Amino acid sequence: MDKLLKTSFLGKTYPSPLVLASGVLGLTADSMKRVLDAGAGAVTTKSFGLEPRKGHPCPAILPFDGGLINAVGLSNPGVDEMVKEIRKLREQAGSSSGIFASVFGRTHEEFGEVTRRAVEFEPNLIEVNVSCPNVSSEFGTPFGANEMDVEHITRIVKKAAGSIPVSIKLTIHCPSLIRMAKICEENGADAITAINTVGPGMLIDTGVMKPVLANTVGGVSGPAIFPLALKAVYEICGNTRLPVIGTGGVRTADEALQMIMAGARMVSIGSGVYYGDIELFTRINRDLRSWMKERDIKNLKEFRGVVHE
Amino acid sequence: MSDLMRTYPVLNVKSHSPVMKSFYFRQPVPDIQPGRFFNVWLPGVDEKPFSVSDVYQGIMEITVKAVGPFTRKMMDVRRGDLLGLRGPFGRGFSHHQHALLVGGGMGVVPLRYLARQLRQRGFHFEVLLGGRCGQDIPFQNDFSEWAPTTFVTDDGSLGYKGLVADYMQDKIRESRLSFVYSSGPEAMLVKVMDLAAQAGLDYEISFERYMKCGIGICGQCVVDGSGIRLCKEGPVLTRQEAEKVSEWGLPHRDATGRRNNS
Ligand SMILES: Cc1cc2nc3c(=O)[nH]c(=O)nc-3n(C[C@H](O)[C@H](O)[C@H](O)COP(=O)(O)OP(=O)(O)OC[C@H]3O[C@@H](n4cnc5c(N)ncnc54)[C@H](O)[C@@H]3O)c2cc1C
Ligand SMILES: Cc1cc2nc3c(=O)[nH]c(=O)nc-3n(C[C@H](O)[C@H](O)[C@H](O)COP(=O)(O)O)c2cc1C
Ligand code: FES
């Protein structure tokens, strides 16, 4: 394992601080294996629930000048199918590979049920998606906006997860992100993933004078949200003791460094795959290494959270 | 950037049969390789992938067969309507001499544009096309005009009666063909790959999977055995790439990502 990039997180050690974010290439073992091979320290599955879901019609994922906008609508093959894929990934990638399982539920109880099923394949982490903005018309406001919901779901998932650590994935769309992170901490969460997509936002085609996304609105990700994500990570790291997976708009080693300097333990990348493809993980690892070598830095710890000092 | 959504007016519509139409647009980007595809957005309905069936004198053609809700709605599209186009996505065919083009059903669509380019280069090639019936096979005149062409249909209504694969072996044996291009139903493609490999021929084959984003990030079109994303590293695969895939002939994943076993 690369000494420079070696990352310890919740009792496990990963070869790189980079993680594949949920929702991007996280549907099958073979694509997640490719991302691990390219140098990601861990991969997060697409969020899955109890039942298969088709999601919204297309266009569901669109690039625009500043990033991506998506309203996939939590399409997923359901927990049974995902457990199969993740088992396969475990076999292919080895027992030490980093696999994070992202779960969601339509009700508080469902979060617990999906988690109980997901722990069967012993993921390294259960990531709890309380923050998807694309299905609010169906599920009501995202749970992540409500303190009581987050508190309750955190407790339920923690109980269902047993010895597997739990990260709550937060949205910046809540009255106070700091308060929300503290609630996660107080209720037993082991980590925070910040942030999910921002918005929702929308795009209109001026030719047909109609919204372009089939769902009209969708979550915004990619470069447009990097400063928002960075500030969220900075705030959570400054106000809780929980380790944070920094997520949002990272496309370069410099942006990954900024996340780590703001305090992130791991840095996850989703939309970056659109800009730099799968090899982005290889390139960022390489650039992080040379940045550290140039400064004679031996370990990520040396500069993690420096901006708080 | 061509990945961004933009709407274009339909310049013309041509009917091939009651359930098959071509739509013509101003060519949105230069140099479109045959085999690549566009995501076509019917505003207010849905967006689906379609191969380029031709690019000629600055006009691009897309050819659609009505098989379900989206493609049936496409049959109502009129000249002047605005459709969204994103693309071209994926990798297309490269150019080879002495090739056999093997197409089945709507698989003949990308081969039509390939045939135009091979002919423009003065390459020798031959064509073998199959379908359920004669009406199922578009562009018969173009293919016949540009190259020696054999038709095979299930019901014998055009050319030989039978399956494409039955005639492919003879074609390869008889002539000096050294390369195979193929596109069509997967059962046919599996046979074509087998026969080509047996004959020691190199090939490029176009595959289909359920697609959502077209830009290599949603993971919907990934095939097992390789992690190849057909929207990005395909839809056309080389022999080396295709041989790595372990799921040819299996049920495809549906919109949920589940293998559709029905
Ligand atoms: C790279 C590529 C190129 C294609 N080129 C052409 C073409 O040139 N002409 C043509 O008529 N058809 C083409 N197709 C197929 C076309 O996309 C489907 O026929 C169309 O999406 C069917 O939609 P529907 O709602 O009418 O039918 P449905 O009833 O929804 O489905 C009918 C069939 O189409 C498949 N399908 C549905 N949605 C998608 C999707 N989003 N992506 C892939 N497959 C889907 C289904 O799995 C099923 O097998 C192409 C497909 C791909 C992947
Ligand atoms: C196409 C797409 C699908 C996504 N699906 C999920 C999902 O299923 N679950 C989830 O927790 N986050 C999902 N996200 C959010 C990402 O995991 C990430 O939090 C967000 O996009 C910000 O990071 P990025 O800018 O690196 O993409 C999705 C994002 C995109 C672009
Ligand atoms: S269609 Fe989304 S990755 Fe290929």
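Me: Which residues does Glu47(B) touch, not counting those up to four places away in sequence?
Reply: In this predicted model, Glu47(B) touches Cys58(A) and Pro59(A) in chain A, together with Met5(B), Asn39(B), Val40(B), Trp41(B), Phe70(B), Arg86(B) and Lys212(B). These are called contacts because heavy atoms lie within 4.5 Å.

Me: Where in chain B is the place of Glu47(B)?
Reply: Glu47(B) belongs to strand S5 of chain B, which covers residues 46–56.

Me: Why is Glu47(B) called buried?
Reply: The relative accessible area of Glu47(B) is 3%. A residue counts as buried under 20%, so Glu47(B), at 3%, is buried.

Me: What makes the pair of Glu47(B) and Arg86(B) a polar contact?
Reply: The two side chains come to 2.9 Å. The limit for such a pair of N or O atoms is 3.5 Å, and one atom must be able to donate a hydrogen and the other to accept it. The value of 2.9 Å is within that limit, and the pair therefore counts as a polar contact.

Me: How many residues surround ligand 1, and which are the closest?
Reply: The shell holds 19 residues, and the closest are Lys48(B), Pro49(B), Thr63(B), Phe70(B) and Thr71(B). S5(B) supplies the largest share of the shell, four residues.

Me: How do you know that Lys48(B) has a polar contact with ligand 1?
Reply: An N or O atom in the side chain of Lys48(B) is 2.7 Å from a nitrogen atom of the ligand. The cut-off is 3.5 Å, so this pair qualifies.

Me: How much of the accessible area of ligand 1 does the protein cover?
Reply: On its own, ligand 1 has 850 Å² of accessible area, and the protein covers 77% of this.

Me: What makes S9 and S10 of chain A a pair of strands?
Reply: Strand S9 (residues 166–170) and strand S10 (residues 191–194) of chain A share four bridges in the parallel sense. At least two bridges are required, so the two strands pair. Ile168(A) stands opposite Ile192(A) in S10(A).

Me: In what order do the eight strands of the barrel in chain A close?
Reply: The order is S3-S4-S7-S8-S9-S10-S15-S16, with parallel pairing. Neighbouring strands of this sheet are turned by 25 degrees against each other on average, direction ignored.

Technical notes:
Residues are numbered from 1 along each chain as its sequence is written. Chains are lettered from A and ligands numbered from 1 in the order in which they are written. This is a predicted model: local features need pLDDT of at least 70, side-chain atom pairs count only at pLDDT 80 or more; totals for chains, interfaces and linings use all residues. Side-chain values use heavy atoms; hydrogens and water are left out. Axes are lines fitted to C-alpha atoms, for helices over the stretch in contact, and angles run from 0 to 180 degrees between N-to-C directions. Buried means under 20% relative accessible area, exposed over 50%, partly exposed in between (1.4 Å probe, protein chains only). A residue is near a molecule or strand if one of its heavy atoms lies within 4 Å of it. Accessible areas come from the Shrake-Rupley method with a 1.4 Å probe; for residues, only the protein chains shown count as cover.
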